[in-house]
Amino acid sequence: MDNILRLKSFGKLEQSKEVIIATLLGLFWVVLFLVYLNFFQTSLIFFFIFLICLAFIIFKVPEAGIHISILSVMVFERWFSLEPLSFFDSAIKIYPLDVVLILTALAVFLNSRFKATVLPKKVSIPLLIFFGAIILWSVLSFFKGGDPNLIGSVVKNTIFYSLMLFIVVWHCRSQAEWKRVLASILIGGLLMIGFVLYGILAGEGLWSSYTPLSTSGTRLLAATHAFFIVFPLYLLITLYAFQKKFLGKADFIVLLIWMIGLIFSLFRNLWVGIALGVILILLFLEKKQIREFIIFFLKILFLAIAFSVVLVWLFYLVTADTSLFDSFTSAVTKRAASLNPFAIQDESARFRLAAWEESWKQFTLSPLLGIGFGKEIEFELSGNEYSIEVRELHNDYVAFALQMGIIGFATFVYFIMSMIKSGIGAVRRVSIELKPYLIAAFAFFCTFLALSAMGTYWETNFFLLFFWLALGLIIASANLKNKSQEI
């Protein structure tokens, strides 16, 4: 059972073979559908063909839907999760990701045994209170003049994508099922290597233009793909700390490539988040593991930085373009120097500070209930007038507090603190065999929470999906049975 996360033995397990085949068939239909959406106008007939074929696969093997969702989001990101379906020249905000999640939820729930409680009260009560607050504030927001589309987006992003949590908790009753989900995350991480190499060869990351830099420089890996590397990164380094492997000796090379990609992504928020995540992992390690882990991680980081510098220098030798090296070093320096969110020399930081200052003014006008969802705020910066949606304040906590006030925000804080407490308890109680995987899931969960203070992660469904995925894995760990128990 322990070798289920070894890639070379992963496909040898009979049940895994069925899941792998179903997942590959499902991914084939997803790719075919995305290609069709990109080049042709959506047809109801083709959509129903896609729906029927995908439903047949997922209802036959419900677990395949989990893997299809994870891998499709990691590879195709916005094209899978934010591309609306269009019928009769009107866009319907139902995405391919939504279709897969709904089918998977139906398949999993219909095949589940409802005899045992899988969501303990310490999890379900805070979750229901928070969701109830979201629904209540959404209703109040309609009467406060909030934009209905924006209000609907808040409800959908916050509540609908929690389906991933329930799917994972209801389905993952055995260690084999639980570990296969983690294996899927690692395989998705391996696929990210292709995007790292593409960015290096092309001189610009694929789809990196959708997340432009506020400072000079070019991302060689899109911020989205950099984010998707974090969970697999945590998994591999915690496995190393417990002397476990996924690819064997190649694990080190994989970690090195991932680290290079994270450097070239110039994603400063993620750098901070990863630093916090690594510190959190260290807190859960035994004393004898800490020193070796630190040396290992610093070795990868040093080699990744050295390789990045050498790579840029080689580009300079080949192209004789002196601006290339200067551009790279200038970009990294500026991104590193502007890690401080209050760095006034950074234009984006000045913009955020001005927006947060106006948010505080608006908050003081309605501190208990907030201004509601679907609103915009206006502020002045350098003599220019700006108007932005509250959900784009680049700090999800500020956005929740402003929109829901003290009372509503308290339900959010209660939910988060309860999940952190449950996560810590799960890591402490879990068996030594499952400990590295659970530490990685909890570290990613906390990294997401840290990143939420620096971006719009609760308003981006392909980011939020992995938050619910990590939380689902943490909660499901308490219900796992080993092979002997199943027999």
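Which residues does S452 touch, not counting residues up to four places away in sequence? S452 touches N395, D396, Y397, Y457 and W458, where contact means heavy atoms within 4.5 Å. The structure is a predicted model, in which local features need pLDDT of at least 70 and side-chain atom pairs count only at pLDDT 80 or more, while totals for chains, interfaces and linings use all residues. Residues are numbered from 1 along each chain as its sequence is written, and side-chain values use heavy atoms, with hydrogens and water left out.

**Overall make-up**

- The protein has 20 helices and 4 strands; helices (H or I, at least four residues) and strands (E, at least two) are DSSP runs, numbered from the N terminus.
- Of the 487 residues of the protein, 55% count as buried, a term that means under 20% relative accessible area, with exposed meaning over 50% and partly exposed in between (1.4 Å probe, protein chains only).
- The protein exposes about 21600 Å², of which carbon and sulfur atoms supply 67%; accessible areas come from the Shrake-Rupley method with a 1.4 Å probe, and for residues only the protein chains shown count as cover.
- Among contacts between residues at least 6 apart in sequence, 77% join residues at least 24 apart.

**Confidence**

- The mean pLDDT of the protein is 86, and 85% of its residues reach 70 or more, where pLDDT is the predictor's confidence in each residue, from 0 to 100.
- Confidence is highest in helix α18 (residues 435–451), at a mean of 97, and lowest in helix α20 (residues 483–486), at 44.
- Over residues 483–487 the pLDDT is below 50, and this stretch has 5 contacts in the model beyond near neighbours in sequence.
- Where pLDDT is low, the predicted coordinates should not be read in detail.

- Helix α4 (residues 63–76) has 14 residues and reaches 20 Å from its first C-alpha to its last, close to the 20 Å expected at 1.5 Å a residue; the expected span of a helix is 1.5 Å times one less than its number of residues.
- Because 13 of the 14 residues of α4 are buried, this helix is largely enclosed by the rest of the structure.
- E77, in the loop between α4 and α5 (78–81), has a phi near 30°, a positive value in a residue other than glycine, and E77 counts as buried at 0% relative accessibility.
- The 28 residues of helix α10 (residues 175–202) should span 40 Å at 1.5 Å a residue, and the end C-alpha atoms are 41 Å apart, which agrees.
- Helix α10 is mostly covered, with 20 of its 28 residues buried, and it is followed by G203, whose phi is positive, near 85°.
- W207 lies in the loop between α10 and α11 and has a positive phi of about 65° although it is not a glycine.

**Buried residues and the nonpolar cores**

- The largest nonpolar core has 152 residues, of which W458 and W468 touch the most other members; a nonpolar core is a set of buried Ala, Val, Leu, Ile, Met, Phe, Trp, Tyr and Cys residues joined through side-chain atoms within 4.5 Å.
- S452, in the loop between α18 and α19 (461–476), is buried, with a relative accessible area of 0%.
- L236, in helix α11 (residues 223–241), counts as buried at 5% relative accessibility, and residues up to four places away aside, L236 touches L186, F246, D251, V254, L255 and W258.
- L236 and L186 are 50 residues apart in sequence and 8.1 Å apart in space, C-alpha to C-alpha.
- S308, in helix α14 (residues 287–319), is buried, with a relative accessible area of 1%, and the C-alpha atoms of S308 and I260, 48 residues apart along the chain, are separated by 6.5 Å.

- Strand β3 (residues 376–381) and strand β4 (residues 384–389) run antiparallel and are joined by 6 bridges; two strands pair if DSSP finds at least two bridges between them.
- The bridge partner of F379 in β4 is Y386.
- β3 and β4 form a hairpin with 2 residues between them, and S382 in the turn has a positive phi of about 55°.
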